Every structure is written in C-alpha cells, then in structure tokens.
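Please find below a note on the model under review. The points are set out for discussion with a colleague.

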Amino acid sequence: MTNLKMKDGHLSASFSFPAEFIGFQGHFPDAPVLPGICMIQAFLVMHAAHRGRDFRLNTVLAAKFTGVIGVDQACVFTLAERAGKAPGEHRLTGVIQRQGEQVATLKLLVTAETEK
C-alpha cells in the first residue's frame, strides 16, 4: 500500500500485488487473478492505517466485481466510511479502479477490535 491519503471525505491508496503475493497461489496458476477476499482485506488494512487500530469484518453487505486485477497491476482503492448502528461499528463503501476502469465496488460492515 502506498500513498494513503484523505481527500474530500474519501480515503484512497495505491496497491500493486507482485507475482509472489500469496493471494495469487492457486487463483489461477496460468493466469493469476487477485481473489475478492484480498480486495476486502486491502480495504481493512487501509481503514486500520487511517484510524490507528484494527478492524474485523462483520458482513459483506454488497460486492460487485466487474474486472480482474492481475500481477503487478497498479490499482487505486478508494473508500468512504460512516458510523454504523453499534458502538465501534463502521460502514465502508469502496471502489477499486485499475487504469481508470472500475474493477469492483464493495460495501462492508466492520467493527473496531477491542483493546488487549
């Protein structure tokens, strides 16, 4: 993750996943594609870095994948957040773009991890 920044209420970061990235293993051997769960995890990492604490995924409220992310393809992940109904709960709405083309949209419900 690079270039984590907040602008106009949206958090964005750039990602590029190298061939050695574990997420590509077995998905698919001859034409690696980044799994959706890795995209979700990238949003969690961004949100945690911005908030300074870890979050856990409660629910994938919506997910639409309209393209694929391959090895070393630069992508921009952008998310907006709003408070959820419960304490520590956040609703994240995310968009992923590769070369200006939308690859995915996600709506996630996450909760802040409790302090240990």
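Predicted model: local features only at pLDDT ≥ 70, side-chain atom pairs only at ≥ 80, totals over all residues.

1. Residues are numbered from 1 along each chain as its sequence is written, and side-chain values use heavy atoms, with hydrogens and water left out.

2. Six strands, in the order β1-β2-β4-β5-β6-β3, form an open sheet with antiparallel pairing. The edge strands, each pairing on one side only, are β1 and β3 (55-65). From one strand to the next the twist averages 20°. Strands are DSSP runs of E, at least two residues, and helices are runs of H or I, at least four, numbered from the N terminus; two strands pair if DSSP finds at least two bridges between them.

3. Helix α1 (residues 36-51) packs on the sheet and touches β1, β2 (10-15), β3, β4 (75-83), β5 and β6. Its direction makes about 60° with that of β4. Contact means heavy atoms within 4.5 Å; axes are lines fitted to C-alpha atoms, for helices over the stretch in contact, and angles run from 0 to 180 degrees between N-to-C directions.

4. L4 lies in strand β1 (residues 2-7). L4 counts as partly exposed because its relative accessibility is 33%, the class between buried (under 20%) and exposed (over 50%), with a 1.4 Å probe and protein chains only.

5. A74 belongs to the loop between β3 and β4 and is exposed, at 55% relative accessible area. Leaving aside neighbours within four places in sequence, A74 is in contact with F15, S16, Q97, R98 and Q99.
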